[in-house]
Amino acid sequence: MNLKNIKQPFINIFPGDLSKNPIQRNTPKVLFSTIDPVGFDHPELIVFNEKLSEEIGLGKLNDDESFLVGNNLPENIKTYATAYAGHQFGNWAGQLGDGRAILAGEIINENGKKTELQWKGAGATPYSRHADGRAVLRSSVREYLMSEAMYHLGIPTTRGLSLSFTGENVVRDMMYSGNPQEEKGAVVVRTAESFLRFGHFELMSAQKEIDTLKKLADFTVENYFPEITSQGEQKYKDFFQAICTKTADLMVEWFRVGFVHGVMNTDNMSILGLTIDYGPFSMMDEYDLNFTPNSTDLPGRRYAFGKQGQISQWNLWQLANALFALIKDEKFLEETLNSYGTYFWEAHDKMLCKKFGFDDLKDTDEEFFSNWQGLMQELHLDHTLFFGLLEKITSITDIKNEFQNISYSILDDIKLKKLENFIQVYKNRLDENSISKDESINLMKKTNPKFLLRNYLLFECIEEINEGKTEMLEKLTRALENPYEEIYPEFSVKRPANYDDISGCSMLSCSS
C-alpha cells in the first residue's frame, strides 16, 4: 500500500494536545490529541477491501497487513484522535471525542479525492471515558459489512477497508444486563471523505473558541463544499443550508430502505451527511414506525424509525446554536430550520412514489401513503418484501398466501379484506400514471432493494467467523454488493421465527 502518501493536514492547522497521553481527561481548547495505537502481538486479517483500497489511492495490500491494526507504522503517519462534544439522548454531554477511533490521516487519489482513514478498536484515547478503546468482533463485523451494504445501496456512508482479529479477548456486557463476557477483539479500518461531526462545532462553540470555530468552518467549506463560493457571513449561511439539505436527503434514504440508526446523538451526525457510527443499528424487518433497535433507547424510543426525520431537525437546531457566532442571523436560522420539515417531507413522499412505481406525486398520495403505513403496521408486513411482492402482483396472484409469507402475524379474514381493498386502490392509482406498466416496474426495481443485511444474517455471520469460517461472510459480501438483485433467494425472506428473541438479531445496546 502507498502508506507514504498518508498525511495529517488536520493536526497542522488546528490546536491540539501533543502529549500522546492516553489517560482519559478533558482537553480544553483543542480539536485533537496525538495518540499511538496500542499495538497487537498476534493480529490476523479477516477481510480486506482491495477495490476500495485501489479507489482511494492506497493500492494493493502487499506486505502491509500490520498497518491494518495500527502496528509498525511508518514515520510519516502521526496518529491522533479528535475531540468533539454532543447532545446524547437529548441532553448536553459536554466533551466527548474519538473514544475507540484513532486517525491515520488522509490520502488523496489520482483524481484529487480526499479520504480519511481511521482504526476503530486500536486502543484507548483521552476520550475513551473510562473504557479500553478496544472493539469486539461482533460490533466490528457489523460495522464493516453494514457500511459496505449502505454504500452499494447508494446511501452516503463511511466505508470499511479491512477487518482483523487482534488476538486479544475483550470483556463486554452486550445488553447492559450485568452479565459481561469475554469476546474476541477486532479492529476495523474505516474510511470517509471526512469524519467531522456536528459535535466538533458544538465543542468549540461551547468553549467559546470562536476563532477555532471559524477556522474549522472555513476548513470544512474549502475542503468539502467546493460549490460554496460566497464570502463573509453568507458563506456560513450557505454552509448551514447545505448541511441541512444533505442531512434531509440522508434521512429520506434511510426511510427508503428501512434503516434505523438507533443512536442519533449530535456527535453521531456527519457534517457531510454520511451515515456514521454503526452501533445498535438495524434494517427493519416488519414495518413499524415505533421500532428502535437500541435497548438503551427504551422506553422512550427517541430514535425510533419514524422519528428520524424530526430528530435530525432537532440535531440541526443544536448545530445552528453552535454556528450562531458565525452567522448571527436568528431569523435566517429559524426560517432555514422551519423549512427543513417541508423539504424533508416533500423529498420523502417523492421517494415513496418511486417505491410504489408512481411517475409523479399527486395531491391524493398523502392519504394513500398514510393508509399504507397503517396497513403495514396492523398486518405486521415485512417492509422490504412487501415492495418486492407489489412488483410481481397480477390479477391471478393468491393475495392471502403470498402476503401471509411476508407477515409476522396471522392474516385473518378481516385483515385480508383490508389488504385486498388497499391493493385495488393501489392498482387504480397506477392507472393514473403517464408511464407504462413496464416503466413503473423498472422504477420500483431501481428503488426497492431485493437484499438487505438484516440483523439475523449478521448474527449468523458473526457466529461463523468466531468458529473460523468465512463462507457466510463471502456470501453476504456478494449479496450486499448486488442489493437490487436476488442472488441468494434464501436471504430474501422474512426473519425466521427462531431468531425473534435472540439478542443481536433485533435489538442491541449502544456498546454493541
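Reader: Is cysteine 353 buried or exposed?
Author: Cysteine 353 is buried, at 3% relative accessibility. Buried means under 20% relative accessible area, exposed over 50%, partly exposed in between, with a 1.4 Å probe and protein chains only. This is a predicted model, where local features need pLDDT of at least 70, side-chain atom pairs count only at pLDDT 80 or more, and totals for chains, interfaces and linings use all residues. Residues are numbered from 1 along each chain as its sequence is written, and side-chain values use heavy atoms, leaving out hydrogens and water.

Reader: What about cysteine 244, buried or exposed?
Author: Buried, with a relative accessible area of 2%.

Reader: How many disulfides does the structure hold?
Author: It holds 0 disulfides (cysteine sulfur atoms within 2.5 Å).

Reader: Switching topic. Where is aspartate 267?
Author: In the loop between strand 11 (259-260) and strand 12 (282-283). Strands are DSSP runs of E, at least two residues, and helices are runs of H or I, at least four, numbered from the N terminus.

Reader: Which side chain of opposite charge is nearest to aspartate 267?
Author: Arginine 197, 5.4 Å away. Aspartate 267 is buried yet has no salt bridge (a side-chain nitrogen of Lys or Arg within 4 Å of a carboxyl oxygen of Asp or Glu). Lys and Arg count as positive, Asp and Glu as negative; His and the chain ends are not counted.

Reader: And helix 7, where does it bend?
Author: At asparagine 321, by about 35°. That angle is between axes fitted to the seven residues ending there and the seven starting there.

Reader: What follows helix 7?
Author: Lysine 328, with a positive phi near 55°.
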